[in-house]
Amino acid sequence: MTESVITCRNVSKIFGPNPAQHLVQLKADPGLSQAGYVHAVRDVNLDVRRGEMLVVMGLSGSGKSTLVRCLSRLIEITGGSVTVEGRDIATLSESELIDLRRSKMGMVFQSFGLLPHRSVLENVAFPLEMRGQDRSTRYARAREMLELVGLKGREDYFPRELSGGQQQRVGIARSLAVEPDIWFLDEPFSALDPLIRREMQDEFLRLKGMMNKTIIFITHDFDEALRLADRIAIMKDGRVEQCDTPDQIVLHPATEYVAKFTSEIDRARVVHIGSLVAPLTAPATGEPVAAYRTIRDLARQLISDPRVEIPVINDKGAVIGSVLRQTALDVLLGDAH
Amino acid sequence: MGRSERYAGTAKLLLALAVGLMLFKTVLPQGMIRPPEWLVLPFADWINAVFAFLQNDLGLMAVTRAFSDVVEWLLNVTANLLYGKSRWPNLGPIPWSVIAVTAFMAGYALKGWRLGLISGGTFVWIALMGQWKWAMETLSVIVVAAPFSVTLGLVLGVLAWRSPRFERVLNPILSIAQSLPHFAYMIPVVVFIGVGPKAGAIVTIIFSVPPMIRMTLLGLKKVPEEVIEAGKMSGATRWQLLTRARIPTARSEILIGVNQVIMQCLAMVVLASFIGMPGLGQKLLQLLQSLKIGLSVEIGVTIVLLAVTLDRLTKAWALRLPVHEAASPSWLIRNRLLVIWLALCALGFGLAHFFPYFLEVERKQALSVAGPIDALMDQVIRLITPVTLWLRWFLITWVLIPMRDAYLWLPFTAVLLLLAAVGWAIGGLRSALICVAYFGLIAASGWWDRAMITVYMVCISVVIAAILGIPLAIWGARTPIRAGRILLVCDTAQTFPSFIYLIPVIMLFGVNDVAVVAAVVVFAAVPMVRYTIEGLRNVPPEMIEAADMSGATRAQVLWHVRLPMALPTMLVGANQSVMFSLFMVIIAAFIGTQDLGQEMQRALSSTDVGKGLVLGFAVAFMGLMTDHLITRWSETRKRALGI
Ligand SMILES: Nc1ncnc2c1ncn2[C@@H]1O[C@H](COP(=O)(O)OP(=O)(O)OP(=O)(O)O)[C@@H](O)[C@H]1O
Ligand SMILES: [Mg+2]
């Protein structure tokens, strides 16, 4: 498929007094656990493709934030390698790293990370200021960004004068000011109450639709993940248990843990009919259905449709195969056993 | 609990040994009663040798002279501007009316009308009372010294934050520096620079740096990690991160540091009159020495007003939260405060031009309340003299002299064992060793008797302060309004330079030990009251409710719930109280005591650095030992309470 923008190979991060030595000891004795050491990320292999939205999920303390901070080298990794656009970021010098962040990366933080002494406008213009852009250009750009996130008219406010949702919009505007190719979002909405959160998700989907960025999004809210993700990576105790499309995760959980994690989910709402497609055994008969529709969307039709096999078409209208009605009904109603 | 029981066992043993030594004092060899000859080390000579080396061989003299020349030049500039000393730039003096208006506008802009009136009013009072020149002499030193200290403190704070190793080296130095009495700083400065305004300015700079370092470090450490990460992701370089993210985010702490610097400067500059610094301090010293009560009260009021103004202005600045301005297209409206200020200044200059009264209030035009105050005080004193006389007699014959004799009677080995017992009871072997080490050094300094007199004065004063202060605080903590009022008084009183406290006590008791103790008691009671109230007010209400529901009486709640919960906070107060008393006892020495302070004053007048520093360290060690014990104790209490 498309090239990968970020590649992780065996990435490990250990917190503690002497992490490198601890990693070596761990190689010899994987079961080792020593006081004072936290193995926050373990042997993660991940490829993030250009333009995709990868959602990282997991319980609190599973290492999501740590992983993302490894990808942007906000923290140094203990083992393995992280490659961004073909360059191993561990080998970058300080100025190269600064360059990479100035030109390619943006990040939104869980508790916003706004500078309290700067107005909203100055906060959004901050990354541009770091690049040495002159005042009027950067303020013009910052105003544009603020308008994009719906904060026009609040330019002169200070962060403490805004609500949580508004502050997070400032964070989003700031991270977008430099037009990053890679956008990291660390639980951007979890500090917000449910109503505003919903609103922010819609806002986010709108923004996402307007641009073509590689996005890495952390959340521990499954519904949020399902609404947003192209692929989901599920983490547990620092390991990535499974990284796949939402359909595959609910249909074919790779481990016990993932199965348990997803057991409460209404699978019919997640699974697209396209992911159940099998090659045609006989020529297609009757009206086909579109691959992007979910089983829940098609529930009425599935129940009343008399056919055994239903043909499926892709978004260009070509038939890509068919789905056994029974398989689809199993997803809808749960397995027979 | 096992550990503390074991501590108690050893402590009791040590205590028994100490008591044994006291009981058998008559048969003890002389070497166990007073530090024997061989134990007393010539620290003073060593320090003098080091200083001689620094001064002559290392050529440090040239460096300090160069630095002090810069300071002197700056002092001349401010002196010219503030009170028209004829030096470059020969523009001054700025009319007092302009300065008062500026102070008013600063107060108004930072907090509002009230602060404006306080700060403007202070300068009007100073001018009208004919104290302008003295006050400006004092202020010009602060204007020069504070920026130096702030810069120095900021740089050292940043360095300490960058390098944990440097922080580890700096921390004990700061602790000692903050426990050294004011005079200990003056002696080396006199050696290197001599006496006069520039020596006063330099001693002020050195004295006021430590809190700035501490606050800078604290502020930088408190900056939230996400703010830094956001800065890094914005592509900030290290320098950009420091100057545009970390330091501005630590703004409040750093400005509180500035506030502390300025208050320390004021305290020091008043005391620097002992090394020939002209200004309010010197006037006050002269007036006090000649017992001119009315005039010294006038000066005292000025110093207090200045302290309150400087403190409130800088605190308001530090605690100001950013607020957006309603967008307005007009430059005039956006900068209206600036415009009003400029207009008022122009008015001031204009008035000063036509009416010299607004430029400078001549001595003969000055108001004075000294006459009425003297008259009033005469009345009051006549009224209460029987009481004060009796109190004086009672305290001296029944408390002070017996206590002093008792402290002096103790064999020094018994004192060391006693301290070891206390140390062991609180923190085990380590604390016991620390206590013995600090007092062992004091014994080895050869100033044992003097030190014991200082200890006795401090002990007596702190005990009296606690007896008076804690009930007051308990009463004050009953209702929030009362608590607020008392806290305000305490906060204000804490900003006064220590020197001020001597005015009323000399007024009441004259020049003697009782006056010293009274001054120290008042000075020490302030933190005690303040922290007790804070401790009591911060007891979680659910706990009190739970006790109420268990049917506890008010006294029971106080005794079993509120006081134990408040104890850790009260201990912080006690700690400050001891520190303050140590400083005050030393300062009060010029009234006439026979303790370390008096020797320090002698060292100051004979510029004996070695002796001065040895005495200074002796005082610092007493402070550090108390600090160690109280901190340890309060930590154990906190852990026991699960706070
Ligand atoms: N700076 C640090 N020093 C030591 N341990 C750390 C540090 N940062 C994180 N950890 C530990 O690493 C583990 C993973 O933390 P991380 O913040 O990545 O979790 P998370 O998945 O983001 O959790 P949450 O959903 O609560 O944000 C945790 O056990 C945490 O305690
Ligand atoms: Mg996290």
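**Domain 1 and domain 2 of chain B have C-alpha centres 23 Å apart.** The structure is a predicted model, in which local features need pLDDT of at least 70 and side-chain atom pairs count only at pLDDT 80 or more, while totals for chains, interfaces and linings use all residues. Residues are numbered from 1 along each chain as its sequence is written, chains are lettered from A and ligands numbered from 1 in the order in which they are written, and side-chain values use heavy atoms, with hydrogens and water left out. Domain 1 covers residues 141-308 of chain B and domain 2 covers residues 448-643; these bounds come from an automatic or database domain assignment.

**Domain 1 and domain 2 of chain B bury about 2,800 Å² between them.** Carbon and sulfur atoms give 90% of this area. Among the residues of domain 1, F183(B), I187(B) and L288(B) supply 21% of the area that this domain buries against domain 2, more than any other three residues. Buried area is the accessible area (1.4 Å probe) that two parts lose on being put together, summed over both. Contact (heavy atoms within 4.5 Å) involves 35 residues of domain 1 and 30 residues of domain 2. The count of salt bridges between the two domains is zero; a salt bridge is a side-chain nitrogen of Lys or Arg within 4 Å of a carboxyl oxygen of Asp or Glu.

**A nonpolar surface patch on chain B has an area of about 510 Å².** The patch is made by L15(B), V19(B), L23(B), F24(B) and V27(B). Patches consist of residues with over 30% relative accessible area and no salt bridge, like charges being joined within 9 Å and nonpolar side chains (Val, Leu, Ile, Met, Phe, Trp, Tyr) within 5 Å. V27(B) lies in the loop between α1 (2-23) and α2 (30-33) of chain B; helices (H or I, at least four residues) and strands (E, at least two) are DSSP runs, numbered from the N terminus. V27(B) is exposed, with a relative accessible area of 62%, where buried means under 20%, exposed over 50%, and partly exposed in between (1.4 Å probe, protein chains only).

**Chain B and chain A bury about 2,400 Å² between them.** Carbon and sulfur atoms account for 59% of this area. On the chain B side, E226(B), M233(B) and H324(B) lose the most area to chain A, together 29% of what that side buries. The contact takes 22 residues from chain B and 31 residues from chain A. Four salt bridges link the two chains. R238(B) forms a salt bridge with E94(A), their closest N and O atoms being 2.9 Å apart.

**R69(A) and D186(A) form a salt bridge within chain A.** The closest N and O atoms of the pair are 2.8 Å apart. R69(A) belongs to helix α2 (residues 64-71) and D186(A) to strand β7 (residues 182-186), so the pair ties together parts of chain A that are 117 residues apart in sequence. R69(A) is buried at 10% relative accessible area, and D186(A) is buried at 1%. Over all chains, the structure holds 36 salt bridges.

**K104(A) and E85(A) meet in a salt bridge of 3.4 Å, N to O.** K104(A) lies in helix α3 (residues 94-104) and E85(A) in the loop between β4 (79-84) and β5 (87-88), so the pair ties together parts of chain A that are 19 residues apart in sequence. K104(A) is partly exposed, with a relative accessible area of 23%; E85(A) is also partly exposed, at 29%.

**R141(A) and E144(A) form a salt bridge of 3.2 Å, N to O.** Both residues lie in helix α5 (residues 135-148) of chain A, three residues apart, about one turn of the helix. R141(A) counts as buried at 16% relative accessibility, whereas E144(A) is partly exposed at 46%. Elsewhere, salt bridges that share partners join E3(A), R50(A), E85(A) and K104(A) into one network.

**Chain A contains 13 helices and 13 strands.** Its C-alpha atoms fill a box of roughly 65 × 60 × 35 Å, taken along the principal axes. Buried residues make up 50% of the 337 residues in chain A. The accessible surface of chain A comes to about 15,600 Å², with 49% belonging to carbon and sulfur atoms; accessible areas come from the Shrake-Rupley method with a 1.4 Å probe, and for residues only the protein chains shown count as cover.
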